[in-house]
Amino acid sequence: MTARLLIKNAAQLITVSGYSDRPAIKEEMSQIGLIENGAMYIEDGIIVEVGTSTRIVEKYKELTAQTEQIDATGKVVTPGLIDPHTHLVHAGTRENEYAMRLQGKSYMEIMEAGGGIHATTRATQKASYEELFEQSRKRLDQFLLHGVTTVEAKSGYGLTLEHEIKQLEVAKQLHESHPVDVISTFMGAHAIPLSEKSNPETFVSKVISEMIPEVANRKLATFNDVFCEHGVFTPDQSKRILEAGKEYGLIPKIHADEIEPYSGAELAAEVGAISADHLLRASDQGIKDMADAGVMGVLLPGTAFFLMADFAQSRKMIEAGVGVALSTDANPGSSPTLSLPFIMNLGCLKMGMTPEEVLTATTINAAHAIGCADATGSLEAGKKADITIFDVPNYLTLSYQYGMNHVDTVIKGGVPLVVGGHLL
Ligand code: NIG
Ligand code: FE
């Protein structure tokens, strides 16, 4: 039997439609497709039609008896939010390092002393598959409660073939067993393991000739990411790792210019990356190269906030024609949050983005940054019914009342999973 769902009377329904083929750029990022008193009719998890309540309710009224209905009076309906950059699968926390940073130690100093990514690598290697799964599953529930219906998840806390595969297998099982879609990225090049510190090239070779082929053969990842940073992977090493991934069908992504300027944005354009992420210290030339090559900029203002660093120059990127997306960068070191709506607040308050731009950046543009814009990221006919309903009277309130969870309902593939702010 056909499953029918009608969402009606939304104070505002935000479609972000019209950009399924390519990311919204420049002033297109402000066109959020707002419908006052909006409604949407869904069959078998796919959106059939979106419009005003008056029209949609009338058009589908003969089906009313067999249709589940959600009354969104006084609320805002948006596409399910998409988080295109997370380190979802890891073990443990690092609040001790947070305390050290509050005393003045820097993120890189802590990492160079064997903490940072190395600390989480030790914890992740030690964790059993089941422990890792359970910790990550809880985080995924939190994402869902904050309105997110698709996340990207990176490996990179295994740093050996065995443990990288363990992380990616957990991500795969989460994708299969949890309603939130999980799209995987291999990030074996997240740090040089302490045991190989004196000869980083040995580790680069392992990533290229052992890890990438095995991950690709097992079809455990769509993307290949590198932490291109002073003291981690050089632009030359990053390039070789990303080119090697391409040979195996893994699409490049880069942690670029996060802590220091390092030509990461330029490299993203050169290797044809789908996105360059962070970009706190990206150069003007790098921004231009990204716009010319169609590389998306995934900005992570939670990381700048938490590391007490300068924010990425989002205005410059939007004006240059870079398609901008926003993400939590959820991880235990540089951005321990699972709230994408808070990242939207920071996008406005700390990077000068408009409330409309941050909506585009966490829906359709985020979908483009992880290659799923054909299926999700906007509310239009033919797309998956991935929908978030916020208990706010208008979308401005979302970026105005910060640090609170306004999510009322989350629907994934036409199925309500969160109702009244609670997981069903
Ligand atoms: O995106 N920069 C590298 N990776 C993460 C942080 C990982 C960690 O500190 O555990 C990031 O900031
Ligand atoms: Fe990251």
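Just after helix α9, Gly272 takes a positive phi of about 70 degrees. Helices here are DSSP runs of H or I of at least four residues, and strands are runs of E of at least two, both numbered from the N terminus. The model is predicted, so local features need pLDDT of at least 70 and side-chain atom pairs count only at pLDDT 80 or more, while totals for chains, interfaces and linings use all residues. Residues are numbered from 1 along each chain as its sequence is written, chains are lettered from A and ligands numbered from 1 in the order in which they are written, and side-chain values use heavy atoms, with hydrogens and water left out.

Seven of its eight residues are buried, so α9 is largely enclosed by the rest of the structure; buried means under 20% relative accessible area, exposed over 50%, and partly exposed in between, with a 1.4 Å probe and protein chains only. The buried residues are Gly264, Ala265, Glu266, Leu267, Ala268, Ala269 and Val271. Their packing partners are β9 (223–228), α8 (235–247), β10 (251–256), β11 (275–278) and α10.

Two helix pairs can now be looked at in turn. Two packed helices are described by the angle between their axes and the distance between the axes. The axes are lines fitted to C-alpha atoms, for helices over the stretch in contact, and angles run from 0 to 180 degrees between N-to-C directions. For α9 (residues 264–271) and α10 (residues 284–293), the axes come within 7 Å and cross at roughly 20 degrees. That makes α9 roughly parallel to α10, given that angles under 35 degrees count as roughly parallel, over 145 as roughly antiparallel, 65 to 115 as roughly perpendicular and the rest as oblique. The crossing of α9 and α10 is left-handed, a term used if the near helix is turned anticlockwise from the far one by less than a right angle, with right-handed used if clockwise. On the α9 side, Ala265, Glu266 and Ala269 meet Gln285, Gly286, Ile287, Asp289, Met290 and Ala293 of α10, where contact means heavy atoms within 4.5 Å. The residues of this contact divide into five nonpolar, two polar and two charged. In that scheme Ala, Val, Leu, Ile, Met, Phe, Trp, Tyr, Cys and Pro count as nonpolar, Asp, Glu, Lys and Arg as charged, and the others, Gly among them, as polar.

Helices α8 and α9 pack at an angle of about 25 degrees, with their axes 11 Å apart. That makes α8 roughly parallel to α9, and α8 passes α9 in a right-handed crossing. Here Pro235, Ser238, Lys239, Leu242, Glu243 and Lys246 in α8 meet Leu267, Glu270 and Val271 in α9. By class, the contact of α8 with α9 has four nonpolar, one polar and four charged residues.

Turning to the metal site, the iron ion (ligand 2) has His85 (NE2), His87 (NE2), His255 (NE2) and Asp329 (OD) as its protein donors, lying 2.1 to 2.2 Å from the ion. Donors are N, O and S atoms within 2.8 Å of the metal (3.2 Å for Na, K and Ca), and water is not among the atoms, so sites may look incomplete. Along the sequence, the donor residues follow the spacing H-x1-H-x167-H-x73-D. Distant parts of the chain are linked in this way: His85 sits in the loop between β6 (81–83) and α2 (95–102), and Asp329 in the loop between β13 (324–326) and α13 (340–351), 244 residues apart. Both are buried, His85 with a relative accessible area of 0% and Asp329 with 1%.

Asp329 also has a phi near 60 degrees, a positive value in a residue other than glycine. Most residues other than glycine have a negative phi, and most peptide bonds are trans. Leu159 likewise has a positive phi, near 60 degrees. Leu159 is placed in the loop between β7 (148–154) and α6 (161–177), and counts as buried at 5% relative accessibility.

Two further buried residues complete the picture. His368 lies in helix α15 (residues 364–369) and has a relative accessible area of 12%. Beyond its neighbours within four places in sequence, His368 is in contact with residues including Tyr19, Arg22, Ile274 and Met296. Thr15, in the loop between β1 (4–14) and β2 (34–43), is buried at 5% relative accessibility. With neighbours within four places again left aside, the contacts of Thr15 include Ile32, Val50, Pro79 and Leu379.
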